[in-house]
Amino acid sequence: MPNATIIALIPLLPLAGFLLLGLFGRKYLKTSSGIIGTALLLTSTILALYTAYEYFFVYGKVNGIYQQLTPLKITWLEFSKGVSIDMGLMIDPISVMMLVVVTLVSLMVHIYSIGYMKGEERFSTYYAFLGLFTFSMLGLVLSTNIFQIYIFWELVGVSSFLLIGYYYNKPSAVAASKKAFIVTRFADLGFLIGILILSYCSGTLDFATLIQRLTSPESNEFKTAVTYSFLGASALTWGAALVFIGGAGKSAMFPLHIWLPDAMEGPTPVSALIHAATMVVAGVYLVARLFPVFAITTPAVLEIIGWVGAISAIIAAVIACTQTDIKRVLAYSTMSQIGYMMFALGVAKYGAEPALGYTASMFHLFTHAMFKALLFLGAGAVIHYVHSNEMNDMGGLRKYMPITHITFLIACLAIAGVPPFAGFFSKEEILLAAYQDNMAIYWIALITSGITAFYMFRLYFTIFWNKPHHAHGEKHGEGGFVMMLPLVILGIGAAAAGFIPFGEFVSSDGRPLESHFHLQFSILPVALGLAGILLAMWLYYKQNDKPAKLASSLGGLYKAAYHKFYIDEIYLFVTKKILFNLVGRPAAWFDRNVVDGFINLTGNTTQAVSEGIKKVQSGKVQQYAIYFLGGVIVLAVLFIYIWK
Amino acid sequence: MTIEPGLYHLLFISTALFFIGVYGFFTRRNLITMLMSIELILNSVNLNFIAFDKYLWPGKMDGLFFTVFIIAIAAAEAAVAIAIIINLYRSHQSIDVENAEDLKY
Amino acid sequence: MNLLLLIGAPLLTALAVLLSRNKQQVKWISLAGSAVQLALAFALLFAFRQERAAGNNAQMLFEQHYKLFESLNINFHFGVDGISVAMILLTSFVVIAGVLVSWNVEKMTKEFYFLLLLLGLGAYGFFISLDLFILFFFLEISVIPKYLLIGIWGSGKKEYSANKLALMLMGGSALILVGMLGLYFTTGYSFDIMTLSKANIPAATQNLLFPLLFVGFGVFTALFPLHTWVPDGHSSAPTAGSMFLAGISMKLGGYGCLRVATYLLPEGAKEYANIIIVLSAIAILYGAFATMMQKDLKYINAYSSVSHVGFSLLGIGMLTQTAITGALMQMVSHGVMTALFFAVIGMVYDRTHTRMVAEMGGLMKMMPFIATVFFIVGLCSLGLPGFSGFVAEMTVFMGSWQNDDAFHRIATIAAAMSIVVTAVYILRATGKTMMGPVVNAEHLQLGDAKWNEKLAAIILVAGIVAIGIAPGWLNDLLKPAAEEIMNRIAGK
Amino acid sequence: MNEFLTLMKSELVLTGIIFLLLFIKIGKGMKNESLLSLIQLLLLLNFIFSFFFNKEGNLFGDMFYTTPLIAFQKSILNLGVYLISLLCSDWLKKTQHLPEFFLLMLSALLGMFLMISSGNLLIFYLSLELATIPVAAMANFDLERKRSSEGAMKMILSSAFSSGILLFGISLIYGSTGSISLPAISQLLNGSPLQILAFVFVFTAFAFKLSIVPFHLWTADVYEGSPIAVTSFLSVISKGAVAFIFITVLYKVFTPMLEIWYWMIVILAIATMVIGNLFALRQQNIKRFLAFSSIAQVGFILVGISNADYLGIASVVYFVLIYVFSNLAAFGVAAVIAEKTGKENIDDYKGLYKTNPFLTWIMALALFSLAGIPPTAGFFGKLFLLTAGGARAEYWFILVAALNMIISLYYYLRVVRAMFMDKNDNPVEPVKTAPVVKMALIICGGGIVLVGLLSWIFEYIKTLQY
């Protein structure tokens, strides 16, 4: 059996780092905080790798099936009998895989940041936040309980908020952080309600039990659950769909993706860690975590997931072609790649061969983490050197930063799906899965992969070739060892990760599933990828006016794509115009004038009445006597005649 | 021919007296006159007592005693009232009730 | 443990304050006194847990009877269950924090602290008394101190707010009074909650009395649409005053709604539950939206209080054991949280001399500690896990979801929507004031929190974190008590 | 003979004091200070003595009777008079007719004593007049002021008018029952229309004295016109005395008409509370303000009276006791300030706390007690009155009463606000209060705080059998 303490330490060490640096960092550990954070994370990385080894090769597999183990489970808050939030550790293929990914990338970023963030005023705060994020992300992947995942989900969101807003005196950064938090929060509302529905239907919050109950038609919960329905769809469908909305928000799926590009306001290593490799795939992870429910109980939702993924993939790819801020390009490419993972899940079925999509998605998640983190760190190095995000300020950097150049190239090849780099294998599997299940999605995916190749190399060429660079003379531009080391390690990963027999380890039902691989099938995508690369080369290899021409010839489409299809504007309209002006302002007005007005009115009326009746006290003693006699008469009449 | 006066005649008179007094109290402007109308009211009461004593409860003395006391008290009341009125006259140079309406509202 | 200590400690402190010579003495005496109260509250907590652990399952522990107006059957009857213990703990936290943050009150210091301690006294008495009359007595005690605190030490249109508060609360008490007497006469001359809870009151009477009692207490806890004293009162009051108002006084109302109205008149509660739910759902959403539009930090927190307290009323209206537990958690959590929020706002105001969001910016640069606390409380208020708000709200949602009809579901979803709106206004406030560029050049000279402010903030932060990280202990306190209440409602 | 001495002892003591004063007056006379302190001493002794040798029984063929409760009521009145003599000593020292003042006041008090223990309509009427006419003279006591004489005039005329009506009622009762002894009447009443009419007439006389709406109109003017000492006597002592006898008459004599007078009381109570409050809202002069507030208080007393049972009696007596302390405290502070600075308007009280904290606190206590805010005794008093009133489960009635507490709170807080919060460029300068006055104020304050919390006082009143 796994050792609970070791696994528990993996998330807890970063947390310790957060507390240590957060409380004392800015006073006592100003310079050393980078080292401390890195050291702690190194430890948990080692522990993670150890756990992975132990799980996959020692105790994980029981008669051919990878088990789902929960070495630790503590009741954190019990709502009612059987329904409780537990804090626990769940060990199964995907969580272990994620453990490795998260710790590894996070470690890279930690190391990288020592150089990148040097001399920052809030250096220690930065590391504290990184620690917090890593802790929450690890907690998220290890969750045993749907509410536990929600908790860490929120924590991940807030740490992302804090890191995006790290440059807190930059208004754009503040705005971006708010946007990111609120948009994901909005999605989380769906997630929360989904949780409420699922937990009510299944009578539990525990993943294993919940899945078991909701997927086996003979369980009573299932029998009762299917009877509920709302607006034609069954309660379970609603629940699953709402949960997916949560996932879509975190994973920046269309139309909830608007926060991701702005999130690039954060420090580049943060983008690499959170907005490329780990947090944004949480949505994919969530869907994978509940995959049996989606696949068996609510296939309709799975269908939706497939389409959402596909659409996001292509839209993001198109937009990416037009952006000039390199980080934004990478952001959209991230969105597009996550689209791949999503629809890969969408086209999968539960169990054995048809579940290829599941494996593929996880595989792509894994490889993507490598090369996308690498891309971001590379971009970071570039930005570090030229102090700008704009493509136009770059060009011809290959001489100045050779290592960055090479690693960046590897990453680009990987993402473009050129064999034998990592991206190729995962993408092939995804395409295969789509091909087997849904032709339309397959074609979309295919086109997208072509576009992907194009925009990645557009990026590559404009940065490293294109116009000669002559800002800094002959000076060497690399960021130093701490910044190069991660590039190299990730470069190796991006190049080699594809050869891991992923199906052996990760599959929907734990049974190994060997990924056989058909050459003739791969020709088309690879060809498309190379075509994209060549086009990019033709356009951007040397400085010329072809791109401008092309842009103008495309006209409307280009413009629309350049403005991200005006989705932000729509959101802005809805929030500013409708929520603020049509709901908020009236509410405030109503409160001040109607509700409060009523209260004041009563007071004023009393005053007015008392003013009005003062004439009674006229000061004329004879009138007093008249009132006196009047009273007598009234009482007499009242009680002699009327009252009986 | 003479009519033997009965209880109701007396009550009628006393009631009339009462209301005459009340009316005077309401309408007269002169404080002394108001005082006099109050005396009328008291006298109507006296008449009541006497009448009841004579016709309803012959042999009981309560009514008579009451009358006597009322007369006495009326005198005392009048004394104090007149004293006050005199003082009022000192300060207001008039005993017209309408000149003493500073205290109001 | 002798519950009279809980009344005696603040009383003695108040008297000592009256007798003390100079401002320093006043401050230190009140600090010591409130520290003692805090210690007592914790002692009570542990004693209570021991008793329970020892298997003493009586509904009320540490009961005490003293004769008062024997012929009217009005007696001191004290006793605590989990709810009271939690509330007392909350009170002691807010009291000590309030004493600390008003350290630099120069105007009539002695009177200020005296009234402050009197408020605390009222709250303690209210939470431990099991006799309606005494309960009402302690409830009423706190009206005048509030009035004076706002009117004398307040800011803005303080007279107006003070009047409004006093009169609206008096109106609430009037309703409570009538409901109370109604109970007294229908149940054969008893004010004793324990006795009344055994009595079976005809449904017609319950339907007559429940609205009186619930609305009466509801006024205290900002039941829509009788909440309008909250924004004005809170924003005009001095810092400690707002802390007490929002942190304690509003909880008196919530506690009364549950312990008196709902617990003693279950039939009435069932009858009116839906109306309560509608009103509180409105309050939650509408309060949140109204908050979005506010420009004054104190108004922001005041309106958000309306919205947050709505959750506790919603929980009560849902009439499930989990929801009621959640409602109580929300009371405690909101008490600590909002007190902290007002404390921080006060600290900011003392430095910048403005509460207008638009006139601040980038304060994090000058006052990192205050900014951090501001962030923490903001995140707590938008229901971030790890802080108390999340636990409470989630419990309410889980509880509400347990009644499975469309009406309750929709109400719950409507309430849940507020978590987004909350995020919006909280982030706008924090983003504008703490982050971003420095708006006012003079702010660059401002300093960070003093020791007393730091201590106060730390105490309260400890409170919300303690609930947020390990809600178990609070749950263990509240759940059995909520169960008792549910048993009566369910007619067991 | 011996019985006569014991039963009528409070009256006799009072008469003794009156005669002593008379002799002093006739004789060479004394300096005001010494005479005043002598009187205060006598009144104190009288107050203390009123607790001893209390027996119950009746004299002169139950024309006069007394019970422990009545004895207690008398000692409450004694206390009130004693406090007034202390509180207003500044003013009393100045008047040139000090002995007369006390002659009048004490004879009025004597009248009230007799009234409380009268068992016969004749005695009742006589003592009523004895309790009224001297007060009218007192109202005129500072002879120079126009307002004083005007007030006195209004009082004497209206009271004469009301006593005329009362007598008419009595005559009708005599006519229909043939008796004027209260116990006998209660046997003979049969609720015929004539008797109802008679009852209404008699009722209005009480209503006039208690200043129940619409028979209250004289109150404010007289209060404002007369010197504060007289005002406080009127508002506390005579109201209290009339309330006591009113209860006796209603509960013991007109029991056959319970239904009628219950509803009468309900209607009038509501009218009185509402009108009193509405008028008090706008008042500027503190005496006038307290006049209307006392009208509203009477409304509450009526709520208690409507109970028609022991609880009603106990709560009313208890409330009157509290009312003595609270109202006298308020009037005392007003008297001190008016005497020293001649300021009688609420606006003049602005910023009082800055200059006279002690007076302000006493005033505030008094006002809170009148408004019924704990921990002051007024809270308990009001609550018991409402409890008594609720006994018949007419909850709307109590609700109206309770809601009236809001209005009253509003105007009491007006004064509090003026004293504590409002700014004032020329506030009342620091006032030097004489030790006796201070003592009296402290007694009042102590009473306000303690009478409520020391529950045995209420219990004691409740045990006094009746």
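Modeller: Angles between axes under 35 degrees count as roughly parallel, over 145 as roughly antiparallel, 65 to 115 as roughly perpendicular, and the rest as oblique. The model is predicted, local features needing pLDDT of at least 70 and side-chain atom pairs pLDDT 80 or more, while totals for chains, interfaces and linings use all residues. Residues are numbered from 1 along each chain as its sequence is written, with chains lettered from A and ligands numbered from 1 in the order in which they are written.

Colleague: What makes helix 3 of chain C and helix 20 of chain C oblique to each other?

Modeller: Helix 3 (residues 82-101) and helix 20 of chain C pack at an angle of about 140°, their axes lying 7 Å apart (axes are lines fitted to C-alpha atoms over the stretch in contact, with angles from 0 to 180 degrees between N-to-C directions). The two helices of chain C are therefore oblique to each other.

Colleague: Which residues of helix 3 of chain C meet which residues of helix 20 of chain C?

Modeller: Gly82(C), Ile83(C), Val85(C) and Ala86(C) of helix 3 meet Leu474(C), Leu477(C), Leu478(C), Pro480(C) and Ala481(C) of helix 20, where contact requires C-beta atoms, placed from the backbone, within 7 Å. The residues of this contact divide into eight nonpolar, one polar and no charged, with Gly counted as polar.

Colleague: Why is helix 11 of chain C called largely enclosed by the rest of the structure?

Modeller: Of its 26 residues, 26 are buried, so helix 11 of chain C is largely enclosed by the rest of the structure. Helix 11 (residues 239-264) of chain C reaches 36 Å from its first C-alpha to its last, close to the 38 Å expected at 1.5 Å a residue (1.5 Å times one less than the number of residues). It also bends by about 35° at Leu245(C), the bend being the angle between axes fitted to the seven residues ending there and the seven starting there.

Colleague: How many residues of chain D are in contact with chain B, and which helix of chain D gives the most?

Modeller: In this contact 30 residues of chain D face 34 residues of chain B, and helix 8 of chain D gives the most to the chain D side, with 17 residues.

Definitions and conventions
Helix = DSSP H or I, 4+ residues; strand = E, 2+ residues; numbered from the N terminus. Buried ≥ 20, exposed ≤ 12 C-beta atoms within 10 Å, placed from the backbone. Contact = placed C-beta atoms within 7 Å.
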